[in-house]
Amino acid sequence: MQARSAKLPDAMAIEQLIQVHVGSGTLLPRSFSDICENIRDFVVVENEGEIVGCGALHLYGMHLAEIRSITVTMKSSGKGAGRVLVDALLREAKHQHVTCVCLFTRIPGFFARMGFRVVNKEALPDKALKDCQLCPRQNACDEIAMYMGALPKTTILSRRSSSQRRYVHIAPNPA
Ligand SMILES: CC(C)(COP(=O)(O)OP(=O)(O)OC[C@H]1O[C@@H](n2cnc3c(N)ncnc32)[C@H](O)[C@@H]1OP(=O)(O)O)[C@@H](O)C(=O)NCCC(=O)NCCS
């Protein structure tokens with residue numbers, strides 16, 4: 001099983017892979033146009049020419065990236081595809097000089113096996129500002145935040161208008 005960067009012709013397969021887990025709230029919905037716009041975030045894993053899994057790395061800045069939309073087909077689960085995807089996304093993070101990779105999950109056991117550690121959500125304000133404010137489960141979030149690397153000391157997102165956004169120090173780190 002091998003991971004490769006996704007290309008636009010993969011967008012439909014990616015949409016279908018993600019859609020399977022949207023109803024349960026396991027994955028955030030990603031529209032076809034959103035996937036196309038962000039196709040360079042995605043890697044896919046193939047088995048005998050068929051796409052059997054996908055995952056994305058969302059870049060906030062050098063201080064933080066987030067693993068999102070990671071999934072493997074039922075038929076292929078338990079055969080190492082998930083690990084192949086995580087490894088590929090971590091390689092991409094390293095390639096981009098990212099110092100911390102985070103994710104929000106309900107299956108911390110899987111990501112702990114990959115080397116991630118649990119952290120307070122408050123330690124990752126970029127993620128909260130990007131997604132949590134719009135999430136219907138905002139005040140009843142049952143996801144666990146995890147990270148690998150050096151926890152960020154800065155955040156790039158803020159309530160300021162985007163033209164004013166720069167790195168802002170977050171201190172002390174509430175990890
Ligand atoms: C989570 C998921 C991507 C794992 O993919 P996979 O291909 O089955 O995982 P792998 O076969 O690569 O497993 C790697 C290791 O993780 C373990 N593992 C797999 N799923 C696990 C889980 N849910 N909880 C704990 N450990 C898990 C495996 O036993 C294996 O351990 P080992 O290396 O010690 O043998 C897949 O089950 C999936 O698509 N789930 C539905 C979508 C989802 O929950 N995505 C995560 C959202 S944050």
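Predicted model: local features only at pLDDT ≥ 70, side-chain atom pairs only at ≥ 80, totals over all residues.
Let me start with His 97, which is exposed, with 7 other C-beta atoms within 10 Å; the cut-offs here are 20 or more other C-beta atoms within 10 Å for buried, 12 or fewer for exposed, and partly exposed in between, with C-beta atoms placed from the backbone. His 97 sits in the loop between H3 and S5, where helices (H or I, at least four residues) and strands (E, at least two) are DSSP runs, numbered from the N terminus. Its phi is near 65 degrees, a positive value in a residue other than glycine, and most residues other than glycine have a negative phi.

Residues are numbered from 1 along each chain as its sequence is written.

Ser 69 also has a positive phi, of about 55 degrees, although it is not a glycine. Ser 69, however, lies in strand S4, and Ser 69 counts as buried because it has 22 C-beta neighbours inside 10 Å.

That strand brings me to the sheet, which is open and has 7 strands in the order S1-S2-S3-S4-S5-S7-S6, with mixed pairing; two strands pair if DSSP finds at least two bridges between them. The edge strands, each pairing on one side only, are S1 (2-5) and S6 (117-118). S3 and S4 run antiparallel and are joined by 7 bridges, and Leu 57 stands opposite Ile 67 in S4. H3 packs on the sheet, touching S1, S2, S3, S4 and S5, and its direction makes about 30 degrees with that of S3; contact requires C-beta atoms, placed from the backbone, within 7 Å, and the axes are lines fitted to C-alpha atoms, for helices over the stretch in contact, with angles from 0 to 180 degrees between N-to-C directions.

Finally, of the 18 residues around the ligand, Ser 77, Gly 82, Arg 83, Thr 105 and Gly 109 come nearest, where a residue counts as near if its C-beta atom, placed from the backbone, lies within 6 Å. S4 (64-72), H3 (81-95) and H4 (108-113) each supply at least two residues of that shell.

Note on methods. Contact = placed C-beta atoms within 7 Å.
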